[in-house]
Amino acid sequence: MSENQADWRPIVAALNNPQTRRVYAQVVLGHEAETLGDGLSPARRRHVLESLVKAGLISKDGDGYRDRSEVFTQLLAAIPRPADRTGPERFLNGRGEIDRYPSDATELHGLLAFIAGEVLTNDDVLTEKELNERLTPFSQDTAGLRRRLVDAELLDRTPSGSQYSRVAGAAVDQASAEPAG
């Protein structure tokens, strides 16, 4: 670990202790060094301050202490960022729900084809209720999503509207959901 990177373990260990948290808060709030840890024994006060220094949360500053809030910036910077999603998944939030519909017709069709492939096999024939149950993880507006799937000719609906199935030959085309270049 480089000198510019903070290790989170000693920070969490230090802040796990209520006395250490209280003294850390006092340092952050700018209390005078003599008042830090009021009510603690001198040995306990020294131990608390040493653990805060060792964790990198505070540093000795002349006769007093100052907080080192940059340690939190370093911790956050060290967290690996998730890879950008590509394909139709980029239109889904972290829970797998549609968070936006693409304005590009090709990308919209790709998203809908992806969802159709996730909820129905080519042999499935589902009632509206069964289809809604399968669509709910993608959207609370199952009627709107169902309508989009039918309009995109990915799902067939019986004239009575009582059953739904995949359109024959409507294969999931992942490439159609890639960004237009």
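The model is a predicted one. The secondary structure of the chain comes to 7 helices and 5 strands, and, read from the N terminus, its elements follow the order α-α-α-β-β-α-α-β-α-α-β-β. The chain has 181 residues, of which 35% are buried. Among the contacts between residues at least 6 apart in sequence, 51% join residues that are at least 24 apart.

**The nonpolar cores**

- The largest nonpolar core holds 21 residues, and the members that touch the most other members are Ile115, Leu131, Phe138, Leu145 and Leu149.
- Three helices each supply at least two residues of this core, namely helix 5 (105–119), helix 6 (128–135) and helix 7 (142–151), and helix 5 gives the most to the core, with 7 residues.
- Leucine 131, when residues up to four places away in sequence are not counted, touches Val119, Leu120, Leu126, Arg146, Leu155 and Tyr164.

**Helix 6 against helix 7**

- Two packed helices are described by the angle between their axes and the distance between the axes.
- Helix 6 and helix 7 pack at an angle of about 100 degrees, and their axes are 10 Å apart; because angles of 65 to 115 degrees count as roughly perpendicular, helix 6 is described as roughly perpendicular to helix 7.
- In this pairing, Glu128, Leu131, Asn132 and Leu135 of helix 6 meet Thr142, Leu145, Arg146 and Leu149 of helix 7.
- Sorted by class, the residues in the contact of helix 6 with helix 7 are 4 nonpolar, 2 polar and 2 charged.

**Helix 5 against helix 7**

- The axes of helix 5 and helix 7 come within 10 Å and cross at roughly 110 degrees, and the two helices are therefore roughly perpendicular to each other.
- On the side of helix 5 the contact is made by Leu108, Leu112, Ile115 and Ala116, while helix 7 takes part through Leu145, Arg148 and Leu149.
- By class, the contact of helix 5 with helix 7 has 6 nonpolar residues, no polar residues and 1 charged residue.

**Threonine 142**

- Threonine 142 is found in helix 7, and, with a relative accessible area of 12%, threonine 142 is buried, because the cut-off for a buried residue is under 20%.
- The side chains of threonine 142 and asparagine 132 are joined by a polar contact of 3.5 Å.
- If its neighbours within four places in sequence are left aside, threonine 142 is in contact with Asn132, Leu135 and Thr136.

**Two loop residues**

- Arginine 90 is found in the loop between helix 4 (70–78) and helix 5, where arginine 90 is buried, with a relative accessible area of 14%.
- The side chain of arginine 90 makes a polar contact of 2.8 Å with the side chain of glutamate 107.
- Glutamate 153 has its place in the loop between helix 7 and strand 4 (155–157), and its relative accessibility of 60% means that glutamate 153 counts as exposed, because exposed is defined as over 50%.
- The phi angle of glutamate 153 is near 60 degrees, which is a positive value in a residue other than glycine.

Technical notes. Residues are numbered from 1 along each chain as its sequence is written. This is a predicted model: local features need pLDDT of at least 70, side-chain atom pairs count only at pLDDT 80 or more; totals for chains, interfaces and linings use all residues. Side-chain values use heavy atoms; hydrogens and water are left out. A nonpolar core is a set of buried Ala, Val, Leu, Ile, Met, Phe, Trp, Tyr and Cys residues joined through side-chain atoms within 4.5 Å. Buried means under 20% relative accessible area, exposed over 50%, partly exposed in between (1.4 Å probe, protein chains only). Helices (H or I, at least four residues) and strands (E, at least two) are DSSP runs, numbered from the N terminus. Contact means heavy atoms within 4.5 Å. Axes are lines fitted to C-alpha atoms, for helices over the stretch in contact, and angles run from 0 to 180 degrees between N-to-C directions. Angles under 35 degrees count as roughly parallel, over 145 as roughly antiparallel, 65 to 115 as roughly perpendicular and the rest as oblique. Ala, Val, Leu, Ile, Met, Phe, Trp, Tyr, Cys and Pro count as nonpolar, Asp, Glu, Lys and Arg as charged, and the others, Gly among them, as polar. A polar contact is a pair of N or O atoms within 3.5 Å; within protein, one must be able to donate a hydrogen and the other to accept it, and residues adjacent in sequence count only if both atoms are side-chain atoms.
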